[in-house]
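Biologist: I have not looked at this structure before. Could we go through how some of its helices and strands are arranged?

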Amino acid sequence: MATRKKVLLKVIILGDSGVGKTSLMNQYVNKKFSNQYKATIGADFLTKEVIVDDRIVTLQIWDTAGQERFQSLGVAFYRGADCCVLVFDVTAPNTFKSLDSWRDEFLIQASPREPADFPFVLLGNKVDLEPRAISTKRAQQWCQSKNNIPYFETSAKEALNVEQAFQSIARNALTQQSQSVDLYNEFPDQIKLTNTTNRNSNGDSCAC
Amino acid sequence: MEDNHEEVLEIFCQDGVQILTAPAAYISQLNNVGTLMIVEYPNSNVTRCIEWKPIDLTIDSDVQDQEWTVVSTVRRRRTYSGSLPVDANRSKHLKINMSDIKSFRVARKNQKLTFRDGKGDDLCTFVFQHGSCEGLVAVLKGILKTFVSRRDKHVYCILDDERNPERQQLDKSFAELNLFQEQSSPYVWKLVKNFQNRPYETTMEAFSKITDIVYRGAEHRLMDPEVHNILHRSLEAIENNTTTHSHEEYEVIAHVPKLPALKEYPRGRPLSLEQWKALQDSEGQVEDVDAVKLVIFRGGIASNVRKEVWKYLLDYHRWKYTHSEQANLIKQRNEEYFIMKLQWRSMTKIQEDNFTDYRERKSLIEKDVNRTDRTLDYFAGDNNPNLQVLYDILMTYAMYNFDLGYVQGMSDLLSPILYLMNNEVEAFWCFVGFMNKVSSNFDMDQAGMKEQLQHLNTLTAFYDPEFANYLYKHDSANMFFCFRWLLVWFKRELSQQDAMRLWEVLWTDLPCQNFHLLICVAILDTEKHILMENNYGFTEILKHINDLSGNIDVSAVIGKAEGMYNQIVDAEHLTDAVRIIIGLPILGNASVIDSKEASPDISDLTLNGDTDEVSYENALTNSFL
């Protein structure tokens, strides 16, 4: 068993602009909150060593830009992710509505082998703010409809539930990684080549 | 008759087709109406034919049909290759071997179709009296590799070298590589020429494009027939050339051309108020704009005159205007600004509720204004009035350029301008000037950013093939780690003062266009030893580059980039690909001329008389990149 092997878990944080992705990451890793974080441009990540079920694992947490048009560049960052954290702002209904497209986009771009089983975790951030627009129940319903995604209500500002949320994220990522050693299609080219051959023999077998 | 047993497949059939022109043997049939078919003979060497028979063959049609379908095609093909098969007994049946057809032309709104033999002669012409030839064309396109002629969009050319399995393999591998983003002949020629002329860099460039596959997986990509054709012709040409090469010439391929030595270019003094005054005449016109820009390029602008000069660099003021002309322009721009501002300020609640696009922009601007340079005194603190100005300018810009709207990164570009101008209208128009220079950074499809990243890769591959190779091997040839640098022109990497210095230098467009890419190359060159010695991969490179923020010596970098520019322009092996990026005239039309010689057919297709050759070459190299 490879249980003593050093484990690196790659976690991607996605969600609309301004929901608090950078703040959550910094609160979890650096225990700091600032009102002065700039909008993320491109991508960045922080790492943190955590203990999950008596094992030391390194979380590599990726923070990306939230504006839609920058997503076409996201593919380079999504690859090899072990868990995807979706974030919305509980005071901003639009950020909740976008969750489906964030989830879909991730699955398309990262193309994990078992999309239905890929671990997502949902964070409803900014619970310290009023007025609340998305109820706990509504968020939970969404999670149930997506194969029971774990849901946490957090405040990056007040450090509320952040630690617990990331513990769950780490555990989910680890479970997934140990269950299937090979989360992604390791040799996608081989499979594609088979397709190619098929297509050639069907379609292109013309003027010979 | 053994031919009786021949299998026959009818692929296509259309009635009501009149034969308009045909070779002499069929003269009696001209203007008759009949049935046009595509017939396949799977057991014959000649697999497919276009056949036409008159409709009025009613007498013993069964026999006719039977006999007609069992025609031995082998003999005829040999005898009549390139022409029409003639059979005295069946002179009413027209039959054209598909392999004799080199092109076909559609005319008269899809009612007329002419098959041609590729030697300038028409094989025959059909008129489709009922309906059109669209169905036939669709089938032909399905079973043959065709492409539309560049000289005549109604002409479809047919490629016929399908039979060689090695070529099919070659096609497949090239198609999988997807080197040619918009597959067309110019860049294939370019690639092939480059493989000959500068094999190392070209290979690196080509490799860099493989990241596409690395990240997305190799989808099946069909090769454009035109590309396929050119590639094969060119490879033949290369084979022919290489057989005559001496051994010494083979050595050239292994030789990596060297750049001249890197020289130091220390920065000069900034443009001073006195210099600036001296460069203006009594009317306020700036005579020698180039001189001003040169001083700025060398040393930037002194802080006491920066505000004034930025207005010129950002096209708010005009170099050649007199004081009174300038005053008029300012007045006009002032009015325009407030008209645009009023447009969004007067939006009612209901209008806003019914305008999702507008609401989304507004919300994004609100979010970003509150997190733009809040650590600077100018924007610090709650209820800072400068934040409101920042917001108003970005909202007005969204009205000024609604197609672009607001994209993250814009507030970073506006912040130093507003800080310097400290005036809403002036800052707005200077921001417009800056945006005009970099708006492609904010394209919806990110095409501008992707192109710059590719250009950066090309420059790196030219300047330092070893480093480019390293990046390629470490999944980093996409240069994504430079995304932030490029999007906001190093705003996040430098202090406000340093960013302003770098920007004014870049706005001069000296010593060349896209000098900001050379700034990237210069920084990367300084960091590459760390990256390579530590064997960093994509993740670590990105982290290292992000962490450079705050640790870049802007003067040293500009000086180094200038030195690199001079190394590049003095390089004997300077390529057109690099020339295009830095805006140098390209080296003539070698590849075009060669393509003409090697392949008259293709050059005919790609060139026509009224094409401006320079812009053509430009487009060609650009598209190859």
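**Helices and a sheet**

Biologist: At what angle does helix H23 of chain B run to E2(A)?
Modeller: The model is predicted. In it, helix H23 (residues 538–546) of chain B lies across E2 and strand E3 (55–64) of chain A. The angle between H23 of chain B and E2(A) is about 115 degrees.

Biologist: Which strands are the edge strands of the sheet in chain A?
Modeller: The sheet is open, with 6 strands in the order E2-E3-E1-E4-E5-E6 and mixed pairing. An edge strand pairs on one side only, and in chain A these are strand E2 (43–52) and strand E6 (151–153).

Biologist: Which residue in E6(A) stands opposite Leu123(A)?
Modeller: Strand E5 (residues 120–125) of chain A and E6(A) run parallel and are joined by 3 bridges. Opposite Leu123(A) stands Phe152(A).

Biologist: Which helix of chain A packs on the sheet, touching E1, E4 and E5?
Modeller: The strands touched are strand E1 (7–14), strand E4 (83–89) and E5 of chain A. The helix direction makes about 160 degrees with that of E4(A), and the helix is H4 (residues 99–110).

Biologist: Are H12(B) and H15(B) roughly parallel or roughly perpendicular to each other?
Modeller: The axes of helix H12 (residues 323–345) and helix H15 (residues 385–400) of chain B come within 9 Å and cross at roughly 95 degrees. Angles of 65 to 115 degrees count as roughly perpendicular. H12(B) and H15(B) are therefore roughly perpendicular.

Biologist: How many residues of the contact of H12(B) with H15(B) are nonpolar?
Modeller: Among the residues that meet are Trp344(B) in H12(B) and Met395(B) in H15(B). The contact also has 2 polar and 3 charged residues, and the nonpolar ones number 8.

Conventions: Residues are numbered from 1 along each chain as its sequence is written. Chains are lettered from A and ligands numbered from 1 in the order in which they are written. This is a predicted model: local features need pLDDT of at least 70, side-chain atom pairs count only at pLDDT 80 or more; totals for chains, interfaces and linings use all residues. Side-chain values use heavy atoms; hydrogens and water are left out. Axes are lines fitted to C-alpha atoms, for helices over the stretch in contact, and angles run from 0 to 180 degrees between N-to-C directions. Helices (H or I, at least four residues) and strands (E, at least two) are DSSP runs, numbered from the N terminus. Angles under 35 degrees count as roughly parallel, over 145 as roughly antiparallel, 65 to 115 as roughly perpendicular and the rest as oblique. Contact means heavy atoms within 4.5 Å. Ala, Val, Leu, Ile, Met, Phe, Trp, Tyr, Cys and Pro count as nonpolar, Asp, Glu, Lys and Arg as charged, and the others, Gly among them, as polar. Two strands pair if DSSP finds at least two bridges between them.
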